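User: I'd like to learn how to read a structure feature by feature. Could you walk me through one?

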Amino acid sequence: MEPVRLRIGVIGTGYLGVTHAACMAELGHDVVAVDVDPVKVARLAAGEMPFHEPDLGPMLARHVRSGRLRFGTSFREVALNADVHFVCVGTPQQAGSDAWDTSHVEQAFRDLARHLDHSALIVGKSTVPVGTAERMAALVAEVAPAGSRVEVAWSPEFLREGQAVADTLTPDRLVFGVSSGWAEQMLRLTYQPLVSAGTAVHVTDPATSELVKAAANAFLATKISFVNGLAEICEATGADVLALADALGSDPRIGRRSLHPGLGYGGGCLPKDLRGLHARARELGVSGAVSFLEAVDDVNLRRRRRLVDLGLELLGSYRGARVCVLGASFKPGTDDIRDSPALHVASGIQRAGADVVVYDPVAGAAVRQAYRQLSVAGSLDEAVAEADLVLLLCEWDEFRRLDPLALGTAVRRRNLIDGRYALDAKRFRAAGWTYRA
Ligand SMILES: NC(=O)c1ccc[n+]([C@@H]2O[C@H](COP(=O)([O-])OP(=O)(O)OC[C@H]3O[C@@H](n4cnc5c(N)ncnc54)[C@H](O)[C@@H]3O)[C@@H](O)[C@H]2O)c1
């Protein structure tokens, strides 16, 4: 089947929205994207990336130049110029609650729908509590001039920052939560090149599709906390958690991916999605069925406290000590520092009295802006100079390649905490380092 050129709207131009908009243009569609942040929109309209994501910049610039991808702040413009709209706005954790904040989603649906005077499909991609699509369909029916000719579907997004382009253009699966054959057909046409290439398509109802995403993130978080719980048992007994993970992960029913021990998960998705799912279960009166999610969160946060304690154990006191934190983003490949485990630990150590200096290959600017109390080094050499303790908290390749001998000459004391089990412990110990993980 020949690819069809559709008119696509994208609402929200954050990590998800920019990636989605550029990839939709890459698939051959005409894309118009809108955001409430005029500064971000101006940069995007000039073909400039507002954040770090490998491979996305050139694709964005190319499609902006060709005119196939446009950015603006007018919902009317998007409503008039697109037939399939993807809502990609943020759903952060509510202040003072574990629940998702869906106010941006509601606002986006309302602001778009009130300009829709022709048949259109609005597809939610944001991660939301189950039941949101149904609420949005009622809202749209009330405010859209085209009434029932506007349909709502939900198609959750599974991209990972750091590999967002590949995840969008060659995903493991597509999930279409639809209420009609027409909505399914529109989504199949939108993703036609991927569907033709054999990407698995799961067609289901909107409520199930909303749950698929929350469940996927809760499962991944559970797997990570599971191996991290075992890491502490290993530490208490002298067993080797990496060998354990290898042997355990060889069982195809378990699998090795996401079974790597370390400082645990963070970022703008896993922590809030795990809590959001639990909060929604509570609202539905079934929280007991997923009470383990609370333990998963506890184990994850415990890992951060444990590293602060481990540093204290190595130094005796944080007062007057110079501590170098390598890595600030929540994982390699991105400058996203939302709920960053590394910065949580860095701030804890600084509060305990140490002089903390942070270095990250791409997230330095974001750290300077959001964590004014932390010193940010401009280079690895500057960060490690005269350190009493080095903590590797985000496993960028640049840090994986660290030479224990060269590093040993730069620091004041050879104390290393490998918070990501990324380095060769034997090599560091042989070079005179006190290595802990
Ligand atoms: N980042 C990821 O890796 C990822 C992956 C899968 C799913 N998700 C989900 O996608 C959603 C967006 O995540 P993100 O990381 O892109 O967030 P983000 O904070 O980077 O971007 C959200 C964008 O929405 C804009 N916005 C807020 N309210 C708006 C409105 N009413 N109208 C138009 N724009 C509005 C903001 O200005 C911002 O640019 C979340 O639900 C998240 O859980 C994210």
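This is a predicted model: local features need pLDDT of at least 70, side-chain atom pairs count only at pLDDT 80 or more; totals for chains, interfaces and linings use all residues.

User: What is the phi of Tyr421?

Analyst: The general idea comes first. Most residues other than glycine have a negative phi. In this structure, Tyr421 is not a glycine, yet its phi is positive, about 50°.

User: Is Tyr421 buried or exposed?

Analyst: Buried means under 20% relative accessible area. Tyr421 has 16%, so it counts as buried.

User: Which other residue has a positive phi, near 60°?

Analyst: Glu386 does, and it too is a residue other than glycine. You will find Glu386 in the loop between helix H16 (380-384) and strand S12 (389-392).

User: Which residues is Arg420 in contact with, leaving aside neighbours within four places in sequence?

Analyst: The list includes a run you can follow by eye: His260, Pro261, Gly262, Leu263 and Gly264. Arg420 is also in contact with Phe330 and Pro341, and with Leu392, Leu393, Cys394 and Glu395. For a sense of distance, take Arg43, which is 377 residues from Arg420 along the chain; their C-alpha atoms are separated by 35 Å.

User: Now the cores, please. Which residues have the most contacts inside the largest nonpolar core?

Analyst: Here is the general idea. In soluble globular proteins, nonpolar side chains tend to be buried together. In this model, the largest nonpolar core has 42 residues, and Leu69, Phe86 and Leu187 have the most contacts inside it. Helix H1 (residues 15-26) gives the most to this core, with eight residues. Apart from it lies another core, of 33 residues, and Tyr421 is among them, as are Tyr359, Leu407 and Val411.

User: What does Leu69 touch, not counting residues up to four places away in sequence?

Analyst: Leu69 touches Ala21, Ala22, Ala25, Val31, Leu60, His63 and Val64.

User: Where is the place of Met59?

Analyst: Met59 sits in helix H3 (residues 56-66), and with a relative accessible area of 6% it is buried. Beyond residues up to four places away in sequence, Met59 touches Ala22, Cys23, Glu26, Val165 and Leu169. The C-alpha atoms of Met59 and Leu312, 253 residues apart along the chain, are separated by 46 Å.

User: Stepping back, why does the radius of gyration agree with a compact globule?

Analyst: A compact globule of 437 residues would have a radius of gyration near 22 Å, and the protein has 23 Å, so the two agree. The C-alpha trace spans about 70 × 50 × 40 Å along its principal axes.

User: And how many helices and strands are there?

Analyst: The secondary structure comes to 19 helices and 14 strands. Of the 437 residues, 55% count as buried. Finally, look at contacts between residues at least 6 apart in sequence: 73% of them join residues at least 24 apart.

Terms used: Residues are numbered from 1 along each chain as its sequence is written. Side-chain values use heavy atoms; hydrogens and water are left out. A nonpolar core is a set of buried Ala, Val, Leu, Ile, Met, Phe, Trp, Tyr and Cys residues joined through side-chain atoms within 4.5 Å. Buried means under 20% relative accessible area, exposed over 50%, partly exposed in between (1.4 Å probe, protein chains only). Helices (H or I, at least four residues) and strands (E, at least two) are DSSP runs, numbered from the N terminus. Contact means heavy atoms within 4.5 Å. The radius of gyration is taken over C-alpha atoms; the globule rule is 2.2 Å times the number of residues to the power 0.38.
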